Amino acid sequence: MLLFETVREMGHEQVIFCHGKNPDIKAIIAIHDRTLGPAMGATRLFPYVSEEAALKDALRLSRGMTYKAACANIPAGGGKAVIIAHPEQKTPELFRAYGRFIEGLNGRFITGQDVNLTPEDVRSIRKETKYVVGVSEKSGGPAPVTALGVFLGIKAAVESHWESQELKGLKVAIQGLGNVGKNLCHHLHEHGMKLYVTDVDTAKTEEVKQLFGATVVSPKEIYALDVDIFAPCALGGMLNSETIPLLKAGIIAGAANNQLGDEQIHSQMLTQKGITYCPDYVINAGGLINVYNEMIGYNEEKAFQQVHNIYDTLLAIFDIAKQQKITTNDASKQLAEDRIMNAKKSKIPELAA
Ligand code: NAD
């Protein structure tokens with residue numbers, strides 16, 4: 001990998017390689033863009049197959065955070081950190097050592113909990129730095145807010161795709177019934193939508209069947225169901241060259257991060273199939289909105305008001321995509337980049353000339 005060329009191409013400001021011998025730690029912190037505010041991005045711990053894979057993940061996810069914050073109108077920039085380790089190697093000392101690196105950045109990067117980190121791990125990081133979010137108990141965690149954002153995104157997509165505000169009777173396939181998926185089912189059921197659900201954990205499918213009368217299908221069956229909306233709420237990369245040809249849904253609107261296997265190829269494939277795709281980082285911004293509000297002093301009303309903006313933002317993105325005949329993925333990038341450029345212009349008047 002041509003390091004500086006890649007970083008320049010993706011527009012990153014700074015990439016920090018953190019290492020230590022005792023405890024043994026290897027971590028990468030990627031700061032993409034701080035035009036709108038300090039770089040925010042959770043920390044992921046993963047046994048990456050290579051250091052290059054870890055770096056790619058950090059670069060891609062941090063850029064996504066810049067777009068997510070810009071589209072959500074949150075005064076934050078994009079960052080992401082990855083710790084290269086197996087979950088079995090986790091110790092409080094490792095997280096404290098990592099926390100000291102974060103502290104050294106003096107607020108340029110603010111982090112939280114992502115894959116393979118527990119609230120306990122985040123509390124260990126917190127012992128060394130105040131630049132950690134998502135540890136407050138005040139908001140009850142980000143999932144309910146994220147689920148509300150996804151539900152509002154579905155409303156916007158229905159309005160744009162079918163020019164209708166009628167949700168009752170629409171069929172929705174929900175993949176993944178974790179913290180977000182289950183909360184989403186609640187909103188959809190409340191609005192008279194028919195639920196088709198799957199999860200690798202059968203206790204979760206059974207619970208949702210009992211609570212909302214959902215039809216349970218196997219993880220393989222979920223893609224090809226004859227439904228109106230497909231809501232990926234499990235893992236990333238679920239929309240790819242194998243699964244997209246199976247889809248019958250008109251709308252894709254779910255919480256999972258990095259839903260598209262390849263952003264360009266698969267967003268094009270969805271557009272060619274006439275599917276309205278809600279860009280993941282726009283529709284799932286509720287989590288970021290929630291932690292940001294925790295950071296500035298949690299006010300539930302304010303947080304929920306900001307989540308409602310997801311509806312208007314998606315409508316704007318669908319309009320841009322239709323008018324310019326581009327994918328919704330490109331339209332959301334354009335919206336984010338315009339907001340960042342406008343902020344740059346107001347800071348550096350020469351750019352406005
Ligand atoms: P979670 O871990 O609570 O739930 C994920 C669920 O998906 C689990 O129940 C798991 O069993 C299931 N699952 C895993 N593989 C599956 C498969 N192949 N088929 C069907 N089900 C499968 O996570 P969550 O907090 O509900 O988040 C869901 C997704 O949304 C994740 O991708 C997450 O990164 C993203 N996200 C979450 C938030 C949030 O606020 N929690 C915010 C933004 C994005």
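At 33% relative accessibility, R96 counts as partly exposed, a label for values between buried (under 20% relative accessible area) and exposed (over 50%), found with a 1.4 Å probe and protein chains only. This is a predicted model, in which local features need pLDDT of at least 70 and side-chain atom pairs count only at pLDDT 80 or more, while totals for chains, interfaces and linings use all residues. Residues are numbered from 1 along each chain as its sequence is written, and side-chain values use heavy atoms, leaving out hydrogens and water.

Let's stay with R96 for a moment. Its side chain meets that of E128 in a salt bridge of 2.8 Å, N to O; the term asks for a side-chain nitrogen of Lys or Arg within 4 Å of a carboxyl oxygen of Asp or Glu. R96 lies in helix α3 (residues 92-104) and E128 in the loop between α4 and α5, so the pair ties together parts that are 32 residues apart in sequence. Helices here are DSSP runs of H or I with at least four residues, and strands are runs of E with at least two, numbered from the N terminus.

Salt bridges that share partners also join R44, D57, R60, K80 and D114 into one network. Within it, the side chains of R44 and D114 meet at 2.8 Å, N to O. This pair links R44 in strand β4 (residues 43-46) with D114 in the loop between β6 and α4, 70 residues apart, and both residues are buried. You can compare E13 and R34, whose salt bridge spans 2.7 Å, N to O: E13 is partly exposed, with a relative accessible area of 41%, and R34 is partly exposed at 31%. A search of the whole structure finds 14 salt bridges.

Now turn to the sheet. Six strands form an open sheet in the order β9-β8-β7-β10-β11-β12, with parallel pairing; two strands pair if DSSP finds at least two bridges between them. The edge strands, β9 (215-216) and β12 (276-277), each pair on one side only. Strand β7 (residues 171-175) pairs with β8 (residues 194-198) over 5 bridges and with β10 over 4 bridges. On to β11 (residues 251-252), which is joined to β10 by 2 bridges, with I252 as the bridge partner of F230.

In a regular strand the side chains alternate between the two faces of the sheet. Strand β10 (residues 229-232) has both faces covered: I229 and A231 on one side, and F230 and P232 on the other, are all buried.

What about the nonpolar interior? The largest nonpolar core has 88 residues, and those with the most contacts inside it include I154, I174 and L184. A core is a set of buried Ala, Val, Leu, Ile, Met, Phe, Trp, Tyr and Cys residues joined through side-chain atoms within 4.5 Å. Helix α5 (residues 143-162) gives the most to this core, with 11 residues. L184 touches several residues, among them I154 and A231, where contact means heavy atoms within 4.5 Å.

T205 lies in helix α7 (residues 202-212) and counts as buried at 5% relative accessibility. F4 lies in helix α1 (residues 3-10) and, at 70% relative accessibility, counts as exposed.

Definitions and conventions: Lists of a residue's contacts leave out its neighbours within four places in sequence.
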